[in-house]
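Here is a note for a colleague who wants to check the fold before using the coordinates. Please read it beside the sequence and the model.

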Amino acid sequence: MECNKEEAIRAKEIAENKMRNGDFSGARKIALRAHKLYKDLDNITQMLMVCEVHCGAEQRLLGNEMDWYGILQIKSRKVDEAAIRKQYRKLALRLHPDKNKFPGAEAAFKLIGDARVEILDKDKRSLHDSFCK
């Protein structure tokens, strides 16, 4: 098991370097491998959270429209406001720049804030939902 921990630590360092270079999808793959090797690795879930938000932001809908639901990691477009607020709070606690020092955490925090504003505004949400269909 100690061998897995050392391998996971090396993978985490590689993933962090990829994050510094802006390759969040590559970093996500390697961080997932590190998490699989050693589940109790320090701050691996925070690292994965940053990567997930940035990967969600990279996914564009028709044209150049951001996938706000993907950024907040919400699967269904029929969720109510309470579920959106709950998911935002969950992500905000893990991504806040004071608590998460990984590269890209501050940008991810801003992305989830923008996504929350877009989805909670009824007019913007209906326009976004109609554009997605």
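The points below go from the whole chain to single residues.

1. Basis. This is a predicted model, in which local features need pLDDT of at least 70, side-chain atom pairs count only at pLDDT 80 or more, and totals for chains, interfaces and linings use all residues. Residues are numbered from 1 along each chain as its sequence is written, and side-chain values use heavy atoms, with hydrogens and water left out.

2. Overall make-up. The protein chain has seven helices and zero strands; helices (H or I, at least four residues) and strands (E, at least two) are DSSP runs, numbered from the N terminus. The C-alpha trace spans about 55 × 30 × 25 Å along its principal axes. Its accessible surface is about 8100 Å², and carbon and sulfur atoms hold 49% of that (Shrake-Rupley method, 1.4 Å probe; for residues, only the protein chains shown count as cover).

3. Of the 133 residues in the protein chain, 40% count as buried. Buried means under 20% relative accessible area, exposed over 50%, and partly exposed in between (1.4 Å probe, protein chains only). Among contacts (heavy atoms within 4.5 Å) with a separation of 6 or more, 62% join residues 24 or more positions apart.

4. Nonpolar core. The largest nonpolar core has 38 residues, and M19, I71, L72, L95 and I112 touch the most other members. Such a core is a set of buried Ala, Val, Leu, Ile, Met, Phe, Trp, Tyr and Cys residues joined through side-chain atoms within 4.5 Å. At least two of its residues come from each of α1 (2-20), α2 (24-37), α3 (44-58), α4 (68-71), α5 (81-95) and α6 (105-120). The largest share, eight residues, is from α3. In soluble globular proteins, nonpolar side chains tend to be buried together.

5. L95. Leaving out residues up to four places away in sequence, L95 touches M49, V50, V53, N100, A105, A108, F109 and I112.

6. Packing of α5 on α6. The axes of α5 and α6 come within 10 Å and cross at roughly 170°, which makes the two helices roughly antiparallel. Axes are lines fitted to C-alpha atoms, for helices over the stretch in contact, with angles from 0 to 180 degrees between N-to-C directions; under 35 degrees counts as roughly parallel, over 145 as roughly antiparallel, 65 to 115 as roughly perpendicular and the rest as oblique. Residues on the α5 side include E81, R85 and Y88, and those on the α6 side include F109, G113 and R116. By class, this contact has 11 nonpolar, one polar and three charged residues (Ala, Val, Leu, Ile, Met, Phe, Trp, Tyr, Cys and Pro are nonpolar, Asp, Glu, Lys and Arg charged, and the others, Gly among them, polar).

7. G113 and D114. Both G113 and D114 lie in helix α6. G113 counts as buried because its relative accessibility is 14%, whereas D114, at 43%, counts as partly exposed. D114 and I71 are 43 residues apart in sequence and 9.5 Å apart in space, C-alpha to C-alpha.

8. R125. Beyond its neighbours within four places in sequence, R125 contacts Y69, R77, K78, V79, I84, E118 and I119.

9. Positive phi. N43 is not a glycine but has a positive phi of about 60°; N43 sits in the loop between α2 and α3. Q73, in the loop between α4 and α5, also has a positive phi, near 60°.
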